[in-house]
Amino acid sequence: MNVVCLVGRLCADAELRQTPNGVNVCSFSIAVQSSSKNQDGTYKTDFINCVAWRNTAEFITKYFRKGQNIGLNGSIQTRQYQDKDTGKNRTAFEVLVNNVYFVESKAKASADVNPELSDFSQVASSEGDLPF
């Protein structure tokens with residue numbers, strides 16, 4: 001059984017591309033922090049490459065930005081390629097994404113991307129009353 005479930009932060013904005021046949025695809029990396037500390041008291045972080053196709057690729061590029069938490073499930077796939085510098089055959093491991101999930105509120109996600117939006121006092125009027 002090949003099943004992967006991850007929660008992490010996007011390392012960069014995912015960019016939507018199309019294959020020559022017009023199929024949408026996006027590749028991105030997420031930073032996934034370990035649940036336990038190392039000997040030096042810090043958390044280990046793994047950077048995991050992911051690829052999403054079709055509607056899932058469109059959804060990711062539309063609703064997720066660098067630094068946001070993202071939940072996903074899928075499977076690990078391998079692909080072979082030839083290293084341009086050495087000419088040696090290499091194997092790449094990546095997560096083929098089936099589903100993605102929001103794992104934080106929209107306000108929290110916006111605050112993570114733009115810290116100025118996290119100040120609640122900005123919505124209060126000059127008299128100190130809330131606008132609703």
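The protein exposes about 9400 Å², and carbon and sulfur atoms supply 49% of it; accessible areas come from the Shrake-Rupley method with a 1.4 Å probe, and for residues only the protein chains shown count as cover. This is a predicted model, in which local features need pLDDT of at least 70, side-chain atom pairs count only at pLDDT 80 or more, and totals for chains, interfaces and linings use all residues. Residues are numbered from 1 along each chain as its sequence is written, and side-chain values use heavy atoms, with hydrogens and water left out.

Begin with the cartoon view. From the N terminus, the elements run β-β-β-β-α-β-β-α. Helices (H or I, at least four residues) and strands (E, at least two) are DSSP runs, numbered from the N terminus.

Next, select Phe28, Ile30, Leu72 and Val97. These residues have the most contacts inside the largest nonpolar core, which has 18 residues. Such a core is a set of buried Ala, Val, Leu, Ile, Met, Phe, Trp, Tyr and Cys residues joined through side-chain atoms within 4.5 Å; buried means under 20% relative accessible area, exposed over 50%, and partly exposed in between (1.4 Å probe, protein chains only). Strands S1 (4–10), S3 (24–37), S4 (43–53), S5 (69–82) and S6 (89–101) and helix H1 (54–63) each supply at least two residues of this core. S3 gives the most, with four residues.

Now centre on Ile30. Beyond its neighbours within four places in sequence, Ile30 is in contact (heavy atoms within 4.5 Å) with residues including Leu6, Phe47, Ile48 and Leu72.

Finally, select Val103, in the loop between S6 and helix H2 (106–113). Val103 is partly exposed, with a relative accessible area of 39%.
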